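Please walk me through this protein from its overall fold down to single residues.

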Amino acid sequence: MKCDLCKLESRTTVYEDNEALIILDCDSCQVPMVVWKEHTMDVPEPDEQVMEAFLIETSNRFYEGKSYFIDKNQREILDHMHWHARLKDKLW
């Protein structure tokens, strides 16, 4: 059985999908998030930089000039690296 993050692909908007990562809308907070496809929290620094660059590129289009930040706090799923792009003025 696939994990909740892996199952999202069929239920939400996908912005980027490649061998290493996928960027899609989070189904609970409706903001772009990047998910490292490998089930790990140990992503090498160069790959983390790639994740962030892809998420920033997508988020710039999504938010259309609004201020946002990359939230790297793993709240619920602690075994699969993923980050959200969230509006700065909204409480999370």
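In what order do the elements of the protein run from the N terminus on? The order is α-β-β-β-α-β-β. That makes two helices and five strands. The model is a predicted one.

Start with the overall dimensions. The radius of gyration is 12 Å, close to the 12 Å that the globule rule gives for 92 residues, so the protein is as compact as a globular protein of that length. Along the principal axes, the C-alpha atoms fill a box of roughly 35 × 30 × 25 Å. Of the 92 residues, 37% are buried. Contacts can also be sorted by distance along the chain. Take those with a separation of 6 or more: residues 24 or more positions apart account for 45% of them.

Now the surface and the charges. The protein exposes about 5700 Å². Carbon and sulfur atoms supply 49% of that area. There are 11 positive and 19 negative charges.

Next, the aromatic rings. A pair of aromatic rings is described by the distance of the centres and the angle of the planes. How many aromatic pairs does a search of the whole structure find? It finds three. One of them joins Y15 and F62, with ring centres 6.3 Å apart and planes at 80°. An angle over 60 degrees counts as edge-to-face, so this pair falls in that class. Y15 lies in strand β1, residues 14–17, while F62 lies in helix α2, residues 45–63. The pair therefore ties together parts that are 47 residues apart in sequence.

Are these two residues buried or exposed? Each is in between. Y15 is partly exposed, at 28% relative accessibility. F62 is partly exposed too, with a relative accessible area of 32%.

F62 also pairs with Y63. Here the ring centres are 4.8 Å apart and the planes stand at 90°, so this pair is edge-to-face as well. Y63 is buried, with a relative accessible area of 6%. Ring pairs link Y15, F62, Y63 and Y68 into a cluster.

Stay in helix α2 and look at S59. Its relative accessible area is 0%, so S59 counts as buried. Which residues does S59 touch, leaving out those up to four places away in sequence? They are P32, E64, Y68 and A85. Y68 is also a member of the ring cluster.

E64, another contact of S59, is found in the loop between α2 and β4. E64 is exposed, with a relative accessible area of 69%. Its backbone stands out: phi is positive, about 45°, although E64 is not a glycine.

Q30 also has a positive phi, about 55°, and is not a glycine either. Where does Q30 lie? Look in the loop between β2, residues 21–25, and β3, residues 32–36. Q30 is partly exposed, with a relative accessible area of 46%.

Finish with Q74. This residue is found in the loop between β4, residues 68–71, and β5, residues 82–87. Is Q74 buried or exposed? At 13% relative accessibility, Q74 counts as buried. Leaving out residues up to four places away in sequence, Q74 touches M41, H80, M81, H82 and W83. M41 is 33 residues from Q74 along the chain. Their C-alpha atoms are separated by 9.6 Å.

Key
Residues are numbered from 1 along each chain as its sequence is written. This is a predicted model: local features need pLDDT of at least 70, side-chain atom pairs count only at pLDDT 80 or more; totals for chains, interfaces and linings use all residues. Side-chain values use heavy atoms; hydrogens and water are left out. Helices (H or I, at least four residues) and strands (E, at least two) are DSSP runs, numbered from the N terminus. The radius of gyration is taken over C-alpha atoms; the globule rule is 2.2 Å times the number of residues to the power 0.38. Buried means under 20% relative accessible area, exposed over 50%, partly exposed in between (1.4 Å probe, protein chains only). Contact means heavy atoms within 4.5 Å. Accessible areas come from the Shrake-Rupley method with a 1.4 Å probe; for residues, only the protein chains shown count as cover. Lys and Arg count as positive and Asp and Glu as negative; His and the chain ends are not counted. The place of a charge is taken as NZ of Lys, CZ of Arg, CG of Asp or CD of Glu. Rings of Phe, Tyr and Trp (its six-membered ring) pair if their centres lie within 6.5 Å; planes under 30 degrees apart count as stacked, over 60 as edge-to-face and the rest as tilted.
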